[in-house]
Amino acid sequence: MSRQHETTSAQAGIGRREVLLGLASSAVILGSAQRAFGQVRVPITGESAPIPIAVPNFVAGTPADGEVGAGVAQVITNNLKRSGLFAPIDPAAFIERITDSDRPPQFANWKTLNAQAVVVGRVTRQGDGRLKGEFRLWDVQTGQQIAGNQYVTSPEYWRRIAHIISDRVYEQLTGEKGYFDSRVVFVDESGAADRRVKRLALMDQDGANVRYLTRGADLVLTPRFSPSTQEITYMEFGQGDPRVYLFNIETGQREIVGNFPGMSFSPRFSPDGQRIIMSLQQGANSNLFVMDLRSKTTTRLTDTPAIDTSPSYAPDGSRLCFESDRGGKPQIYVMAATGGAAQRISFGDGSYSTPVWSPRGDYIAFTKQGGGQFAIGIMKTDGSGERILSSGFHNEGPTFAPNGRVVMFFRDPGGSSGPSLFTVDISGRNEQRVPTPGFASDPAWSPLLS
Amino acid sequence: MAASVALHVLVIGWGLVSFSTRAFESHPEESVTVDVISASAFAKAGMKTGKKDNPKPLVEKVAEAKPVDDAVGKISEKPPVVTETAPPPTPKVEDKPVEKKPDPPKPVAEAKPKEEPKPIEKKPDPPKIDPIAEALKKEEKKPPPKPQAQAAAKPPEPAKPKAERVFDQSKIAMLLNKQDPTRQAVTGDALNSNAALGLAKGAAADNSATWGAMFKDQVKRCWKKPDAGIDMQRVEAEFAIKLRKDGTLESMPVAQTSPTSSYQRVLLESGLRAIIACAPYRLPAVFFEEWKYFAPVFDSKEL
């Protein structure tokens, strides 16, 4: 047979090598053709939808851990629900009670509820007094465990375990980094409108664990986190001129950043945490300066007969955006982090202020004033793609979540009422009020804590 | 002179005769009454197997509403098939987790909980590997069906051209004459033997617009498309799936897309969940040869 084949090939003037080559190439073609032509492609499109997920109470490792187990599940549920990307299922509908977090759940029980994923876990107070939290994320349809881990911490930080687990679940199911294990520093406001007491306050991103950092004797504004989340820089208006301060969250120590004549305000950390950029008043104008926290040297970045303020670095530290009225009205400009020529990027109707660069690098959020309204919006870093996320009587001071997906801002309804904090997805959807003990303004979102 | 006159006369005369004869030779064609029908209707008209049976007729032809009737008809014809197959799917889905997990967990539960993070990570691996391995095995086993399907499809193609020729000249007229009773009378199981409907271009039958839309409607109910945020590039997640006649999955869907972004990974996983969750699928049995193996493609495009 093989001889006959060879003869045939030879007669046709085709060598063995060519035949082999031909076979090889035809195999390649068949291989690719099989997929291209062998199967009919059925395109499926649809609207995005929140993912139905079940978070039953975490199993208590010891009888005393029951309350924490329920608390962890509640915090995770709340985080996922507030993100707008998940639809946690009401625990009242649960068929199965999880008693052993190491065993896979009975998936049929969760399919009945249309859950796509189930988070099961356990919290255990260990012999050394520390708290261990474990979780497993199960894909209900495939019956696979798609994430799982355990964390150990002091019992009082049980909420952080819940936030970290929330982040893992969020990332696994949405493909984006989470933002739940983070904090927000803001200005807590209390008292009558004409005698407002403003205190620096710190809380978890979901509004829990509020902690006051200042007593309210002096006016505080524009707090900003350091990349390490251990320090805050802010402006305080005490007896003299407004000054920029540095506050250590752990030690409670505070210090003035530089000693400049006139006002210093609108501070923000550089992405490496080594410098603070701020505005310094010079007569009727103000310009941008950057101060190295180690050497205490100060460098001028702008020199214009205008008000340059609200600087914010790009995440890579190469550029910064800021607000300037050098063109007549406040607008947003972008320039190199070392100074030099600035390029105006906002050209819509009205004025733009408080620009802040997304940690993801893709957008700049801003406050836009015009037509008697204050709006929160975002635009790309070249000024294109402007998108208004929320507008009304008074919205101001956007700050990005660590993943750049959510913006927090404050809204003041006017009248005798006071401001509150809100979050909104950068798509403009899913606006949510952030619970605070009193009125709140000037939020700044920290990076992820871990 | 006379010679030239005679020659001229001859030539002119011959010319006249030949012209006139040619003109006379052209036969006026018989007038044939023609209905304008769509290409697909025409293709089906070719299926002469349909007789004047009144119960079957017209079920097939008229686009989307018909398949439903057809399916209903079939269900009533084959009640046992439905009942037999309906139970198996649920047990099967449940069985896998139940069989695999209850047993190992107990020993694991006692031994591993106290161990460090590793146990948690180790457990997920084996189950993950299993389905993939199974899927691969199954896929390896499946290839034979494809060639068969292709082989089966190919023979009709060469045959078609011949049929076409015959078709044009004589059969069309015959068909047209009989049109009233039979042109849409293609129905029932007989269709399967005539899968090659696309005579005109020799292509395999493609009724995916019909059953594909039905599949899409069903799988969409279980699909929770992950939110892509803004400015996300449009991506696709493609699977190859094999279905049994009763609409259940013959094997785990096989991803044809290698995700290049985290969003594409999530899209792929959401699609997998949806395909499994919504099975079994109700699709017209007459097109089983087409939908027994096909490629659902989940598209991130926002509507």
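The following is a conversation about a predicted model, in which each term is set against its cut-off.

Biologist: Why is Lys296(A) called exposed?

Modeller: Lys296(A) has 10 C-beta neighbours inside 10 Å. A residue is exposed if the count is 12 or fewer, so Lys296(A) counts as exposed. Lys296(A) is in the loop between β17 (285-292) and β18 (298-300) of chain A.

Biologist: Why is Asn209(A) called partly exposed?

Modeller: Around Asn209(A) there are 13 other C-beta atoms within 10 Å. Exposed needs 12 or fewer and buried needs 20 or more. The count for Asn209(A) falls in between, so the residue is partly exposed. Asn209(A) sits in the loop between β9 (197-204) and β10 (211-212) of chain A.

Biologist: What span is expected of helix α13 of chain B, and what span does the helix have?

Modeller: The helix covers residues 262-278 and reaches 24 Å from its first C-alpha to its last. The expected span is 1.5 Å times one less than the number of residues. For these 17 residues 24 Å is expected, and the helix comes close to that.

Biologist: Which peptide bond is cis, and how do you know?

Modeller: The bond between Ala279(B) and Pro280(B) is cis, with omega at about 0 degrees. Pro280(B) belongs to the loop between α13 and α14 of chain B.

Biologist: Which residues of helix α12 of chain B are buried, and how do you know where around the axis they lie?

Modeller: In α12 (residues 208-220), the buried residues are Trp211(B), Gly212(B), Met214(B), Phe215(B) and Val219(B). They cover an arc of only 160 degrees around the axis, so they lie on the same side of α12(B). These residues pack against β1 (41-44) of chain A, and also against α13, α14 (288-291) and β3 (293-299) of chain B.

Biologist: Why are β23 and β26 of chain A called edge strands?

Modeller: The sheet is open, its order is β23-β24-β25-β26, and its pairing is antiparallel. β23 (351-357) and β26 (387-392) of chain A each pair on one side only. From one strand to the next, the twist averages 20 degrees.

Biologist: What makes β25 and β26 of chain A a pair?

Modeller: Two strands pair if there are at least two bridges between them. β25 (residues 373-380) of chain A is joined to β26(A) by five bridges, so the pair meets the cut-off. The two strands run antiparallel. Ala375(A) stands opposite Ser391(A) in β26(A).

Biologist: How do you know that β20 and β21 of chain A pair?

Modeller: Six bridges join β20 (residues 319-324) to β21 (residues 331-336), against a cut-off of at least two, so they pair. Arg319(A) has Ala336(A) in β21(A) as its bridge partner. The sheet is open and antiparallel, in the order β19-β20-β21-β22 of chain A. Its edge strands are β19 (308-313) and β22 (342-344) of chain A. Neighbouring strands of this sheet are turned by 30 degrees against each other on average, direction ignored.

Biologist: How many helices and strands does chain A have?

Modeller: Chain A has five helices and 31 strands. Of its 450 residues, 47% are buried.

Terms used:
Residues numbered from 1 in each chain as written. Chains lettered and ligands numbered in written order. Predicted model: local features only at pLDDT ≥ 70, side-chain atom pairs only at ≥ 80, totals over all residues. Helix = DSSP H or I, 4+ residues; strand = E, 2+ residues; numbered from the N terminus. Arc of directions from axis to C-beta. Contact = placed C-beta atoms within 7 Å. Axes fitted to C-alpha atoms, helices over the stretch in contact; angles between N-to-C directions.
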